Amino acid sequence: MPTPRRTRRRDTPPPRTGGDEKQVLRGFLDYLQTSIAAKVDGAPDAQARTPAVPSGTNLLGLLAHLTSVERAMFLGDTVTDWPATFHVAAEDKVDDVVARYRAAVERANEILDGCTDLGAPVPRAGRPAPSVRWALTHMIEETGRHAGHADTLRELIDGTTGR
């Protein structure tokens, strides 16, 4: 396999957020969401869906999974098979998966805009919900973890690094 050409993206530092807890949590989550979408955006379709590690992890699968997590956490979607959320349809392209992720984030942000009490449950119908604080913290952890995976996978694909 030829050595990928190295491309360095501008490395974006962590956000400087407002002083209250909600602004800090939302600022860091937004930062990570933007980072992982950018990491997948523009990747070659075939390589973005090709596993680069024995577990089968690939760029499109990571973003599809995070889309499901956003939708489950903030929009009330029910997921019965979490491992299946790492798989994308054969016809899905990078642009499709990135657009679905960004749409889920936008809808989740609309829900979060109405949340004034971090101790209150996430407003989702039909099942028990964690507090907004817990949901934001979990999404920071989940998105950050998979953004790290995406960093490595994207560098293996075409040498692109940076946030």
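Author: A helix here is a DSSP run of H or I with at least four residues, numbered from the N terminus. The model is predicted, so to speak: local features need pLDDT of at least 70, side-chain atom pairs count only at 80 or more, and totals for chains, interfaces and linings use all residues. Residues are numbered from 1 along each chain as its sequence is written, and side-chain values use heavy atoms, without hydrogens or water.

Let's begin with the pocket. Helix 3 contributes the most to the lining of the largest pocket, four residues. Helix 3 (59-75) and helix 4 (94-113) each provide at least two lining residues. The volume of this pocket is about 150 Å³. (A pocket is an open set of points on a 1 Å grid over the protein atoms alone, where a 1.4 Å probe fits, with protein on both sides within 12 Å along at least five of seven lines; lining residues have an atom within 4 Å of a point. Volume is the space filled by probe spheres set on the points.) Of 13 lining residues, Ala64, Thr67, Ser68, Thr85 and Arg100 are closest to the centre. The lining has five nonpolar, four polar and four charged residues (nonpolar: Ala, Val, Leu, Ile, Met, Phe, Trp, Tyr, Cys and Pro; charged: Asp, Glu, Lys and Arg; polar: the others, Gly among them).

Now follow helix 3 to its partner. The axes of helix 3 and helix 5 come within 9 Å and cross at roughly 170 degrees (axes are lines fitted to C-alpha atoms over the stretch in contact, and angles run from 0 to 180 degrees between N-to-C directions). Helix 3 and helix 5 are therefore roughly antiparallel (over 145 degrees; roughly parallel means under 35). Their contact (heavy atoms within 4.5 Å) has 13 nonpolar, five polar and three charged residues.

Helix 5 (132-158) also packs on helix 1 (21-40), at about 25 degrees with axes 9 Å apart, so the two are roughly parallel. Among the residues that meet are Leu25, Phe28 and Leu29 of helix 1, and Leu136, Met139 and Ile140 of helix 5. This contact has 12 nonpolar, five polar and six charged residues.

Finally, the axes of helix 1 and helix 4 come within 10 Å, crossing at roughly 170 degrees, which makes helix 1 roughly antiparallel to helix 4. Contact residues include Ile36 and Val40 of helix 1 and Val98 and Tyr101 of helix 4.

Note on methods. Angles under 35 degrees count as roughly parallel, over 145 as roughly antiparallel, 65 to 115 as roughly perpendicular and the rest as oblique.
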